[in-house]
Structure formats: structure tokens, C-alpha cells
Amino acid sequence: MNTNGAGMSATLSFGIKDIWAAQKRIKGVADNTPMIPSPYMSHVAGHDFLMKMEIMQPIGAFKLRGAMSAVMALPDHVTGVTCCSTGNHGRGVAYAAKRRGIRAVICMSELVPQAKVDGIRALGADVRIIGRSQDDAMAESKRLCDAEGLVEISPFDDPHVIAGQGTIGREMLAQRPDLQTLLVPLSGGGLAAGVAVAAKSVKPDIRVIGVSMDRGAAMHASIKAGHPVEVPEYASLADSLGGGIGLSNQLSFPLCRDLLDETLLVTEDEIRDAMQVMFFEDRIVAEGACVVGHAAMLSGKLPQITGPVATIITGRNLDMAQFLAVVTGEDVRLGDLLLKGKCYGA
């Protein structure tokens, strides 16, 4: 059983009303995170630069919003759920399933860091490690639906998940109605789609820019091609942004295609530099996926930006050994890529 939307026509009916409904489902569990200024990044941007602190969620990542929204919307007879995940969505589904008292089976590829696998198992979920790509994990999740009667919770192409992530955009505009630009980490598009729907329903002229890494950015490549495409997957400092969007994507792709004003890519070097800035200037420990907005700004890829600007600090569930190597200037091995170390300020 799959909870995805029913075709491209779903985009016509998905809107702010769905985000309002999600806000009620997640209230008191996965909402109301703070948004704080970064003095250093505000200086770089020439405008107020704010950070929506989703690392403050109970699971350390924004994915809890969408997972809670989807799991709590399921019919009473459902006894188990499954999903594919690069880490944080699986953690969110495991948390939500445990809270509801149902089984969770999380399918992940071999590229997912062990720290994220361990965090999901600690929540009582069954973890299946399948293949070397998100597409392999997705296929196993779908097989479990047929073989064991589980309900699949897509990490991005599900109306309840997108609505849950969209509550972030609604909160951001409530906290700072004067925001002009949102820099949103872009992977499968659930976050970007939900935030864009929420923000543009309140402020139609606000710019929403999706940012991803330059190796294996599936949504960026799909928007450029005009339809969902497969891309190779690579190890990355921004591992949470890896994975495909599904060739049969029915909702997150058309929403991102139609509502994002722009998509940008940043390099591993730029992600490394941004992780160091966030750590040394703002004293924040966060995943590489969180800093792609910072990376785009610091690298000069947003020359015409208008402010105030905000980005989403999406998660803190990272490999601490790798993080320490990055911030102390050591070399880091990312699959076939050796990312040379660089000391901050050097």
C-alpha cells in the first residue's frame, strides 16, 4: 500500500489547507522551532540572515514534521509502515511509529552513515540495508508493502509528508513576515515543495531557491530535463541530500518545478567551508546538508539576493568523526573523492 498522491493532478488540489491540517496533527510534538540571526552571515549577505533551527526537533531533524503528519493521518487499521531513507526521514518515521505504537521497517542504502543507522535502530525500528543507492532502498520498501502489507511513507512524494514539511515555511513567515528570500536544501523536494507552497501562499513574491550539492542532485537535474531522471549517487558531506526522486514522482517534482524560483549547486569544497563557518562563527554542529544555503552565499552564487534572507538548519545527525575532521582542517575521503583539508581562516 502506498500513500502517494494520485497523479500530477494532485498538484492542483494540494495547497495551504493541507499544511494547516498537518500543523494540527504535529502540534506539540514537531513544531515551533526558533529562528535565529547569524551576525557573520548577515554581514556576508548584506541583509539579515536567519536560520530556522530544525536541529532542535526531538530527532534532531526537520523530517519529524512530515513523518508525524503522515503516520498520524493513517487509518486505524494500519499496523506497520515502511520507507526508504538517507537517514533523517527514517528516524522520523521510526519516532512517529513508536509514538503511535505500530511497526516500522526502514530501508537504507550502504551509503548511509552508520551513526544514522544506529539512531534509527535505537528507536526500535527494523533497519534493512539494501544496495548502493536510494533507488535500491526504495524498491525494497515497495516490496515490503506487497509482501507484508506495510504502508509506505515516501520521504518526499507524499502529500501528508510535504504538508508536514510545509509547516516550516508557515512558521518562518509568521516569525519574520518581512522575509524576501528563502534558501532551502534540496533533495527529493518534499521540504522545498512544502516550504514553497506555504511561503508563496502568504507572500507570493517571496523568492524560494533550492540548493543542493553538485554530485548527484536528482531534483536539480530533473527540473533541468523537464521530467524525473535518475542520477548517479556519490558519497558527500551533504549525504542527506543524496538519492533519486523516483521516475514516477507525482507531487514533489511538479511542485518544485512550478514553485522554485531557482535551483543552485555547490561543491564539496564549498560545503566544507560553510560547515566551518557555521561551527566557528555560530558555534553550531550540523550536517553538511544544512549548510548548502550558507555555501551558496559564501561562494558568491547569489549576487542579486534580496533580504532579509533565511535558510533551514535541517539536521544534526552526522558522523562526528567526519565532522571533526572537516572543522579541524583534515583531509576527508568521500568515496572516490579525496576532499583536501583546509584550516578555517587560512
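In this predicted model, helix H10 (residues 218–225) has Ala218, Met219, His220 and Ser222 as its buried residues, where buried means under 20% relative accessible area, with exposed over 50% and partly exposed in between (1.4 Å probe, protein chains only). These buried residues pack against helix H11 (252–259) and strand E9 (262–266), contact being heavy atoms within 4.5 Å. Just after H10, Gly226 adopts a positive phi of about 90°. Helices (H or I, at least four residues) and strands (E, at least two) are DSSP runs, numbered from the N terminus.

Residues are numbered from 1 along each chain as its sequence is written. Local features need pLDDT of at least 70 and side-chain atom pairs count only at pLDDT 80 or more, while totals for chains, interfaces and linings use all residues; side-chain values use heavy atoms, leaving out hydrogens and water.

Turning to the sheet, four strands form an open arrangement in the order E5-E4-E3-E6, with parallel pairing; two strands pair if DSSP finds at least two bridges between them. Strand E5 (126–129) and strand E6 (151–152) are at the edges with a single partner strand each, so one side of each has no neighbour in the sheet. Strand E3 (residues 80–84) is joined to E6 by two bridges, and Val81 stands opposite Val151 in E6.

The largest nonpolar core has 43 residues, of which Met172, Leu179, Leu182 and Val184 touch the most other members. Such a core is a set of buried Ala, Val, Leu, Ile, Met, Phe, Trp, Tyr and Cys residues joined through side-chain atoms within 4.5 Å. A second, separate core of 41 residues includes Leu264, Ile271, Ala295 and Met297.
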